[in-house]
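Dear colleague,

Please find the structure below, together with its sequence. My notes on it follow directly after.

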Amino acid sequence: MNYLTVENISKSYGELSLFENISFSVHKDQKIAFVAKNGTGKTSILNILAGDDVPDSGTITYRKGIAVSFLPQDPKLNPDLTVEETIFASDNPILKVISNYEKSLLNPEDSEAYQKAFEAMERHQAWDFETLYKQILFKLKLDNLDQKVSTLSGGQKKRLSLANALINKPDLLILDEPTNHLDLEMIEWLEAFFAKENITLFMVTHDRYFLERVCNEIIELDEGELYSYKGNYSYYLEKREARIERDEVETGKAKQLFKKELEWMRRQPKARTTKSKSRIDDFQDIKHRASQRRNDHQVQLELNMERLGNKIVELHNVSKSYQDKTILDKFNYTFQNGERTGIIGKNGTGKTTFLNLITQTIKPDSGKIVLGDTVKFGYYTQNGITIKPEQKVIDVIREFGDYIPLKKGRQISAQQLLERFLFSRKKQYDFVEKLSGGERKRLYLCTVLIQNPNFLILDEPTNDLDIVTLNVLESFLMDFPGCVIVVSHDRYFMDKVVDHLFVFRGDGVVEDFPGNYTDFRVYDDSQPIISEPNEDKKEKNPWKKTDSNKLSYNEDKELKNIESKLKSLAFDKKELENKFNNPNLSQDEILKLSEELQTIIDEIDAKEERWFELSSKLED
């Protein structure tokens with residue numbers, strides 16, 4: 001079933017042509033990733049699909065009656081609403097039913113209103129939907145429903161926008177970098193959610209593990225042409241390489257044929273036969289094919305790094321807290337030359353605070369941080385480059401000088417350096433505010449490396465960078481002779497770059513794990529859950545609740561409803577299983593029964609998960 005058809009769309013900004021005559025379609029159950037280099041129009045295409053922009057030419061056609069949700073990179077939410085009001089502001093009619101039911105629970109004396117709301121819940125089968133949306137809010141850590149949108153961080157707004165998109169259960173979900181601002185636990189949950197739910201996806205993402213585990217098709221925009229690969233990321237890499245090799249062979253053949261035809265053209269007399277005129281027409285096509293040249297330039301990273309001394313960075317009994325939140329508690333560590341450290345942990349556990357302590361942007365509450373005399377930090381922050389009005393790309397680099405020193409006494413001009421970072425001479429005179437998100441990040445990376453640091457600190461460096469640039473950055477970091485600290489939710493990136501991890505558990509607990517992220521996940525998943533013997537210590541089990549967060553009246557009602565529903569589902573499951581005992585079932589009947597049974601099993605799993613969440617709030 002075709003959900004979306006894109007026919008011959010084009011988009012230009014002034015003289016800059018992003019793409020021309022692009023056509024593709026999205027069908028039911030496809031999970032498509034759209035891949036292209038930074039600055040070639042990925043976000044523009046998504047904005048056109050979402051109706052936030054229009055193409056210069058071409059048409060966009062959605063199947064009549066399908067529900068579509070869109071997750072932008074920078075969500076636009078009403079700052080005056082609360083989290084809950086934002087959720088219920090959706091056009092989804094079932095959310096309106098749930099909202100009315102929850103309001104009736106606040107006025108239990110009005111039995112007529114409650115009964116009416118309860119019947120509406122039954123009629124629309126809204127209980128399952130309510131369970132789903134509360135699971136989503138719980139997983140995305142949006143538990144403070146009364147918090148105003150205006151007080152949310154950028155990451156919280158992204159998660160709220162994602163929750164809205166998922167809760168509406170669209171037929172087609174369009175996503176622009178869905179893993180940005182999510183911690184690793186949330187990303188893995190989202191992966192599992194998309195793998196399980198029957199949602200058709202069209203997304204832009206640089207997360208290669210996400211591409212591998214979620215997508216069943218990849219569409220690549222390369223050199224102005226679209227290529228489709230019916231498989232995951234590994235399949236795409238294999239087939240893409242084979243396609244490029246094949247194209248190079250065809251171009252080589254065309255060049256040989258072009259030389260031959262060019263000689264014939266030069267020998268021809270002025271009088272032309274019909275046959276020779278046809279050959280002349282073909283000559284133009286051969287000439288075009290022979291002149292094809294891939295623009296496969298890669299970012300070139302090179303540093304004139306100063307040598308690190310024996311003393312680099314030492315942390316002695318460092319403690320840091322904010323009000324009642326402990327970030328570090330008497331933390332000790334001595335960095336060695338050549339160390340590549342990854343930092344992981346849930347949002348809010350203090351990862352960025354740790355980086356600011358090391359770079360002495362903020363001071364510890366107690367303890368001391370000692371820096372070696374030769375240490376020169378290069379700090380790539382999440383904030384990115386500061387955009388000045390009317391500032392051009394070349395001006396950003398010239399602030400560091402017209403000539404930049406390289407290794408072995410060589411130097412390079414600001415223009416040449418920008419060309420190494422894939423900014424053409426023409427692009428260098430564009431205004432910075434006109435660059436795409438990925439191009440700004442690439443320019444920012446240039447400004448960090450241009451200062452020739454010997455201790456690199458990268459806070460979420462992979463956000464918005466295209467996969468080609470990420471591969472170059474990974475190779476550069478693996479060969480970088482100085483120290484590297486990386487905070488990233490990109491598991492593929494972490495696996496390739498880091499030697500060991502600082503695992504921020506919260507409450508000042510930081511573990512030093514000897515391995516990359518995949519090693520840590522295998523280790524962490526194998527650990528038994530040990531209950532805390534000392535009751536005075538802070539509860540480490542996030543599922544267990546204290547006196548301050550018992551079940552609300554609404555949650556109590558929901559728990560009882562789930563218990564009743566689970567009994568009903570168990571009965572339905574048994575009835576279906578008994579039907580399989582019929583020896584006269586046809587293959588189609590068996591397939592239909594299997595699908596019905598799987599639907600019931602999935603529903604039981606979802607109900608049980610929500611039951612455990614609610615039950616954990618009850619006191620022992």
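Arg243 and Asp222 are both buried, where buried means under 20% relative accessible area, exposed over 50%, and partly exposed in between (1.4 Å probe, protein chains only). Their side chains meet in a salt bridge of 3.1 Å, N to O; the term denotes a side-chain nitrogen of Lys or Arg within 4 Å of a carboxyl oxygen of Asp or Glu. Because Arg243 lies in helix H9 (residues 233-267) and Asp222 in strand S8 (residues 217-222), the pair ties together parts that are 21 residues apart in sequence. Helices (H or I, at least four residues) and strands (E, at least two) are DSSP runs, numbered from the N terminus.

Please note that this is a predicted model, in which local features need pLDDT of at least 70 and side-chain atom pairs count only at pLDDT 80 or more, while totals for chains, interfaces and linings use all residues. Residues are numbered from 1 along each chain as its sequence is written, and side-chain values use heavy atoms, with hydrogens and water left out.

The structure holds 24 salt bridges. One of them pairs Arg208 with Asp490, the closest N and O atoms being 3.7 Å apart. Arg208 belongs to helix H8 (residues 208-214) and Asp490 to the loop between strand S18 (483-487) and helix H16 (491-497), so this pair connects parts that are 282 residues apart in sequence. Arg208 is buried, at a relative accessible area of 1%, and Asp490 is buried at 0%.

Glu185 and Lys346 form another salt bridge, with 3.3 Å between the closest N and O atoms. This pair links distant parts of the chain, 161 residues apart: Glu185 is in helix H7 (residues 184-196), and Lys346 is in the loop between strand S12 (340-345) and helix H11 (351-358). Glu185 counts as partly exposed at 40% relative accessibility, and Lys346 is partly exposed at 35%.

His489 is located in the loop between S18 and H16 and is buried, with a relative accessible area of 2%. The side chains of His489 and Glu460 are joined by a polar contact of 3.0 Å, that is, a pair of N or O atoms within 3.5 Å; within protein, one must be able to donate a hydrogen and the other to accept it, and residues adjacent in sequence count only if both atoms are side-chain atoms. A polar atom of the His489 side chain also lies 3.4 Å from the backbone oxygen of Thr179.

Yours sincerely
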